[in-house]
Amino acid sequence: DTDCEDSSFKLALDRFFRQKGLELFSRLQSQMSDPLLFLNIAPSILDGAVVGSGHLLRQVGELGLDPQQIILQLSLGRDWNRPLVEKFIRFQQQNGFVIALKDVDTNRGRLEAVFRIHPDILKVTDRLTRGLARKAERQDDFLGVVKQAHGLGISVMAGGLEGEEDALKALEYGADLLQGGYFTRNYGDNAVLDLGRKARMMFLA
């Protein structure tokens, strides 16, 4: 069956690169203070055989890593198997992994569906953060998402930040983590270090 072979190949490839990422993180973590690793998980590879297999937990355990250092990041498209995704998330949270949902559509109905899944982190992308310091409508939307998420005990990451003004505004409006090209380009600058004292940041593009 071609579809089955294709799925098996995707899963094998995903696990291979995930293993390489975990091995690199294992070697580098001693050089960092309180490091976190983001691992992208494609919902398309999740099926009944994968969810609950414990393969990722074994990978992490063999390298002596703490699952709480690992943030499993899922991007939900328009068509996703909600029961399967929910089962995956619950299983991994029970094992100590941190779950982040990214590229979330801020349409009210879809956002409420995401909140019912209850990830640990909700990542808001540049669709809401670009121009956040200047656009009142975007500010209202961003603040609404943050308030809803915090009310449910979910942390909010403001992603796609390309400028200091937007980063400061995101922080002012309650973002728990900041991420974007601004931090990559300006790592070590006093302004960035000052932000770092107020929020835990991911220096990633």
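Reader: Is His-118 buried, partly exposed or exposed, and why?
Author: His-118 counts as partly exposed because its relative accessibility is 31%; buried means under 20% relative accessible area, exposed over 50%, and partly exposed in between, with a 1.4 Å probe and protein chains only.

Reader: What kind of model is this?
Author: It is a predicted model, where local features need pLDDT of at least 70 and side-chain atom pairs pLDDT 80 or more, while totals for chains, interfaces and linings use all residues. Residues are numbered from 1 along each chain as its sequence is written, and side-chain values use heavy atoms, without hydrogens and water.

Reader: Back to His-118, what is it in contact with?
Author: Beyond neighbours within four places in sequence, His-118 contacts Arg-90, Gln-93, Leu-152, Gly-153 and Ile-154 (heavy atoms within 4.5 Å).

Reader: Which backbone oxygen lies 2.6 Å from a polar atom of its side chain?
Author: That of Leu-152.

Reader: New topic. How many aromatic pairs does a search of the whole structure find?
Author: One. Phe-16 and Phe-17 form the pair, edge-to-face, with 5.2 Å centre to centre and 75° between the planes (ring centres of Phe, Tyr and the six-membered ring of Trp within 6.5 Å; planes under 30 degrees apart are stacked, over 60 edge-to-face, the rest tilted).

Reader: Which class of exposure does Phe-17 fall in?
Author: Phe-17 is exposed, because its relative accessible area is 53%. Phe-16 counts as partly exposed, at 45% relative accessibility.

Terms used:
A polar contact is a pair of N or O atoms within 3.5 Å; within protein, one must be able to donate a hydrogen and the other to accept it, and residues adjacent in sequence count only if both atoms are side-chain atoms.
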